[in-house]
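Here are my notes for a colleague who is opening this entry for the first time. Please read them with the structure in view.

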Amino acid sequence: MSDQELLHLELSIDNVVLFDFNGVMTQNSVVTIAKTVENKLIKAVEDESRVRSIFEIIVEMMQNILSYSADSINLGNNMFESRGSLFISFQTRDKHYNIHSGNYVYKQKQEGLKKNLDEVNAIALDEIKNVYKERRRERRRVHSRGAGLGFLDMVRKSKNRLEYSFKDTDEDDKVYFELYVKV
Amino acid sequence: MERLFIEKTEYTPTIEMDGSKQLIDIRGDSFPENTYDFYKPVISWLEEYFKDARNDVTTVNMEINYFNSSSSQLFFDFFDILEEAANMGTKLEVNWIYNIKNESSHEAGEDFSEEFTSFKINMIEK
């Protein structure tokens, strides 16, 4: 094998793709996908609490897409479907999982979303649980679809900062939002 | 009061609320898409049941394996209603049941226990 072939082989096994989805998702997709990934990880004899964290993060990320994506369509009964993507890989070198979601958001939502993410990222990791509990107390009986706790929950479970990017699209009023969680 | 019974689904728990038995029982996973909508009848039932102080003891059993962040908020609101009832003098026996291997659920129960002090939450390991 040539040096170049060896390098390509090394690079290709460096990152193991576990799951790759790009399409229309609904609540049923959330369950199916979270359980599919969970089963795959259990089969690979991954640590139980890590599997659980990954399951939970997948649910939060996908339900965020259903709730907040620019492509979200109300199917009736406040159930939604939306275009979105979910990509999960395992970095063999550092032995961590990358969970990466993507969806369109309205450009006017970008600033608010960025602000939420930056705020969550600014919290010291050992303070996350306290902030989570404080926010839950503050939102007592507020009654909204989500709870504004999703990002906090992702940081709490992954014990890592959230990485994200916004990319311009050929639709003037939309950008493509990508969220990366490392577990 | 009418008995409320909701059969479990892949992402919502079995819910039984029985006034004649003074029993509230919630078991399973909770990650519905629209948590507020799903639990509306549960919260309404609870508010109606506890609206006046009661002389009997009501048992609340919760065995939640996994719940999403919006369910976490919902359960907080649920316990908030229980706390109001306890403050009015209503007696409660509240059991948070968790699997010994489920550290998340154990922790969640302990957290709720710290938040709500007008009644005791019994931590029951399975």
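This is a predicted model: local features need pLDDT of at least 70, side-chain atom pairs count only at pLDDT 80 or more; totals for chains, interfaces and linings use all residues.

1. Residues are numbered from 1 along each chain as its sequence is written, chains are lettered from A and ligands numbered from 1 in the order in which they are written, and side-chain values use heavy atoms, with hydrogens and water left out.

2. Between the two chains, 30 residues of chain B are in contact with 35 residues of chain A, contact meaning heavy atoms within 4.5 Å. Together the chains bury about 3000 Å², of which 42% is on carbon and sulfur atoms; buried area is the accessible area (1.4 Å probe) that two parts lose on being put together, summed over both.

3. The rule finds 12 salt bridges across the interface of chain B and chain A, a salt bridge being a side-chain nitrogen of Lys or Arg within 4 Å of a carboxyl oxygen of Asp or Glu. A:R141 forms a salt bridge with B:D80, with the closest N and O atoms 3.1 Å apart.

4. On the side of chain B that touches chain A, at least two residues each come from α1 (35-49), β4 (57-67), α2 (69-87) and α3 (103-115) of chain B, where helices (H or I, at least four residues) and strands (E, at least two) are DSSP runs numbered from the N terminus. The largest share of that side, 9 residues, is supplied by α2(B).

5. In chain B, 6 strands form an open sheet of mixed pairing, in the order β1-β2-β3-β4-β5-β6; two strands pair if DSSP finds at least two bridges between them. Because β1 (4-6) and β6 (121-125) of chain B stand at the edges with a single partner strand each, one side of each is left without a neighbour in the sheet. The pairing of β1(B) with β2 (residues 14-18) of chain B is antiparallel, over 3 bridges, and B:I6 has B:I15 in β2(B) as its bridge partner.

6. Packing on this sheet, α2(B) touches β3 (23-30), β4, β5 (91-98) and β6 of chain B.

7. Which loop holds B:D52? B:D52 lies in the loop between α1 and β4 of chain B, and, leaving aside its neighbours within four places in sequence, B:D52 is in contact with B:M88 and B:T90.

How values were computed. Axes are lines fitted to C-alpha atoms, for helices over the stretch in contact, and angles run from 0 to 180 degrees between N-to-C directions.
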